[in-house]
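Dear colleague,

I am handing over the structure below, and my notes on it follow directly after. Please read them with the coordinates open.

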Amino acid sequence: MGKRSRQRQKNQTGWGAGYADIVKENKLFEHYYKEQGLVPDGEFEQFMEALREPLPATIRITGYKSHAKEILHCLKEKYFKDIQELEIDGQKIEAPQALSWYPDEQAWHTNMSRKIIRKSPLLEKFHQFLVSETESGNISRQEAVSMIPPLLLKIEPHHKILDMCAAPGSKTAQLIEMLHSDMDVPFPEGFVIANDVDNKRCYLLVHQAKRLNSPCIMVVNHDASCIPTLQIDSDGKKDILFYDRILCDVPCSGDGTMRKNIDVWKKWTTSNSLHLHGLQLRIAVRGVEQLAVGGRMVYSTCSLNPIEDEAVIAALLEKSEGALELADCSADLPGLKWMPGVTSWKLMTKEGQWFSDWSEVPSSRHTQIRPTMFPPKDPEKLASMHLERCMRILPHHQNTGGFFVAVLEKKSLMPWNKRYPKVGKQAEEAPKGASLTQEATAKQDGVCGPPPLKKMRLFGYKEDPFVFLTEDDPVFTTIQSFYDLSPGFPKLNVLTRTHEGKKRHLYMVSKELRNVLLNNSERMKVINTGVKVWSRNSDGEEFGCAFRLAQEGIYTLQPYIRSRIIRVSVEDIKVLLTQENPFLSKLEDDAHAQAKKLGMGSIVLKYIPNPNNPAEPQCPIQLCGWRGKTSIRAFVPRNERFHYLRMLGVEVFRDKQGLGQKRRDGDKEGKEEVADEVEKEEEGAAENEEDLDLENANENGSSEPKTDSEQNSYEELNNPYSRSSHSGV
């Protein structure tokens with residue numbers, strides 16, 4: 001049975017049904033964690049009971065968008081009020097609460113599971129709102145504990161960031177948001193390179209990142225334990241790229257996710273963590289090698305097991321010989337309840353045999369159990385590590401999943417780069433990457449030597465090339481004059497995905513990411529980068545420009561556009577988003593007069609808020625449109641239409657009725673499952689072909705219609721009042 005059919009069966013027949021053999025008990029798990037003493041005295045039963053309860057749904061409002069306050073207002077004043085005091089299946093629904101430790105009321109939790117939200121008719125409006133706003137990038141349905149690592153990184157807009165194990169991408173989205181904290185800066189100096197070893201899951205990562213329409217994100221596909229060292233051009237000479245911030249959210253046994261991944265109850269055994277410890281340590285070592293001195297790396301797992309948590313941190317600190325320090329983050333997230341890291345733990349085999357020290361381990365088990373899995377023996381060295389600065393979140397303390405997080409700061413170069421400068425330099429500059437030496441090598445040398453080279457392996461699909469345009473590319477001639485681009489427009493940051501033939505789409509990246517791309521084409525496998533700003537429209541040539549504006553890139557591009565702009569009012573936007581092809585005369589007088597002065601072709605529809613009228617949206621809105629001969633229309637993907645209409649107070653909910661409704665229901669289910677996949681932050685399941693088509697579906701949804709039949713299909717997709725589009729929410 002495929003993953004999706006299993007998920008559907010589970011959802012249709014009740015929580016846990018469809019897994020008849022899975023009982024939420026695992027005696028080995030209970031015995032193991034009782035012995036480790038991670039849970040405070042007298043709380044173990046509460047801990048176990050919490051693990052057996054379904055995980056409550058949590059949502060996060062996309063923080064960098066200027067619309068965040070409007071969404072928050074919409075949530076609080078409408079949807080939260082509608083659902084509180086409801087009773088479903090004997091359970092009273094409480095009003096959602098803001099997570100006390102997340103800034104600016106941008107994250108909320110409920111006492112409802114995802115299953116209840118998805119299946120209850122009483123919550124249909126709320127559910128449609130969540131799916132629609134998630135698709136348009138304004139909300140992320142993300143587990144609460146998963147939101148913690150990006151906050152502890154303390155991102156600034158100029159930071160160069162590496163996300164080592166990024167799929168499915170909800171933490172990556174947070175990092176991008178933090179880069180764009182100032183919406184008036186279209187190109188922050190910083191960027192995010194998001195990596196994942198699984199080629200298929202990289203496309204899920206692309207889907208998540210694309211919702212945020214940022215020119216500062218690049219998705220790459222590498223084994224994190226040997227991710228290549230990149231070069232950048234700095235003042236005419238080649239420099240190694242060191243990152244200011246690294247998120248190292250490693251693959252783990254996932255026993256903190258039992259509340260949503262009930263397979264873990266059946267599959268959990270101590271050997272899972274023993275198998276993963278080495279990989280986790282290799283990834284962490286590769287991370288700190290690429291961290292800039294003075295930089296910060298967050299190591300996190302959704303496992304409660306010290307073998308995957310404190311043992312990895314202790315081994316990393318020991319190898320670093322003072323180059324790394326654990327940061328004290330106790331005051332960083334006021335309101336978050338967490339347990340300090342432990343300084344003693346034991347190992348247990350799946351047969352139940354315990355070991356407290358490496359010396360007790362028989363040689364027959366030396367390949368499975370390694371010295372780095374045990375606490376340091378020297379009490380002074382152990383105390384100097386400050387392992388108590390690690391943070392473990394237990395499920396029963398704030399009704400969350402289980403989680404572990406540690407923040408490392410780099411004080412100096414790693415010791416092997418000092419001891420072996422030549423070899424270390426070769427390792428750093430080699431395009432093949434590096435991986436951690438085995439303990440045996442270290443034993444022979446008596447020191448931790450430089451990581452050996454490891455060949456880079458490329459998997460999956462061959463990507464189209466990334467081709468930057470030159471400043472004198474003929475494509476700019478008509479674009480420059482038609483849109484009256486300002487002199488500061490960075491032409492060199494524009495790229496396309498083909499060497500030959502006509503350019504279909506033009507994308508933009510920041511100049512810093514351009515630097516990375518140009519200097520590392522042979523070193524790294526890039527899956528996706530850039531935000532689409534123009535798309536070819538053959539009909540447009542007769543009106544003066546073959547390229548129309550793309551909604552995805554309008555907030556990046558608009559600061560440079562000085563013509564083709566129509567200032568619109570709230571009423572104008574309502575007309576444009578609810579009528580398929582309104583006559584120019586439907587606009588209010590001011591916008592109508594502006595439109596009459598413009599020739600046919602692509603336009604920007606720009607709403608500027610009026611602070612004297614607080615009843616109207618207090619954030620700028622920019623929409624791509626098309627000025628026809630006698631009519632005007634907005635080219636905005638369906639879910640974005642819904643988003644803007646909600647902000648304007650227009651009800652976009654529709655009951656599911658009729659054949660057209662059913663036809664679109666399948667689309668809704670596919671998108672709903674993508675949202676669920678993202679929420680399964682640590683499950684590691686790859687997305688299938690349905691998910692891969694989402695990017696194309698969005699592209700098609702914003703393309704200029706060329707024939708009557710194409711126009712009709714476009715209207716069905718994009719107009720919230722057309723016959724078949726409502727159930728797609």
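Just after helix α12, E321 takes a positive phi of about 50°; helices here are DSSP runs of H or I with at least four residues, strands are runs of E with at least two, and both are numbered from the N terminus. Please bear in mind that this is a predicted model, in which local features need pLDDT of at least 70 and side-chain atom pairs count only at pLDDT 80 or more, while totals for chains, interfaces and linings use all residues. Residues are numbered from 1 along each chain as its sequence is written, and side-chain values use heavy atoms, with hydrogens and water left out.

Helix α12 itself (residues 310–320) is largely enclosed by the rest of the structure, because 10 of its 11 residues are buried, where buried means under 20% relative accessible area, exposed over 50% and partly exposed in between (1.4 Å probe, protein chains only). Among the buried residues of α12 are E310, K319 and S320.

Strand β19 (residues 403–410) is likewise mostly covered, with 7 of its 8 residues buried. Strand β13 (residues 291–301) runs antiparallel to β19 and is joined to it by 6 bridges, pairing being counted if DSSP finds at least two bridges between two strands. Within that pairing, R296 has E409 of β19 as its bridge partner. Strand β14 (residues 324–326) also pairs with β19 in the antiparallel sense, over 3 bridges, and there E325 stands opposite E409. Strand β18 (residues 391–393) makes a further antiparallel pairing with β19 over 3 bridges, in which M391 stands opposite V405.

The unreviewed UniProt entry carries a "binding site" annotation that covers, among others, P168, K171 and D196; UniProt positions are given in the numbering used here, with feature names shortened, and such annotations may be inferred rather than shown by experiment. P168 lies in the loop between β7 (160–163) and α8 (170–179), and counts as buried because its relative accessibility is 0%. K171 is placed in helix α8 and is buried too, with a relative accessible area of 2%.

Finally, the axes of helices α21 (residues 570–578) and α23 (residues 638–647) come within 10 Å and cross at roughly 150°, the axes being lines fitted to C-alpha atoms over the stretch in contact, with angles running from 0 to 180 degrees between N-to-C directions. The contact (heavy atoms within 4.5 Å) is made by L576, L577 and T578 of α21 and by R641, Y644 and L645 of α23.

With best regards
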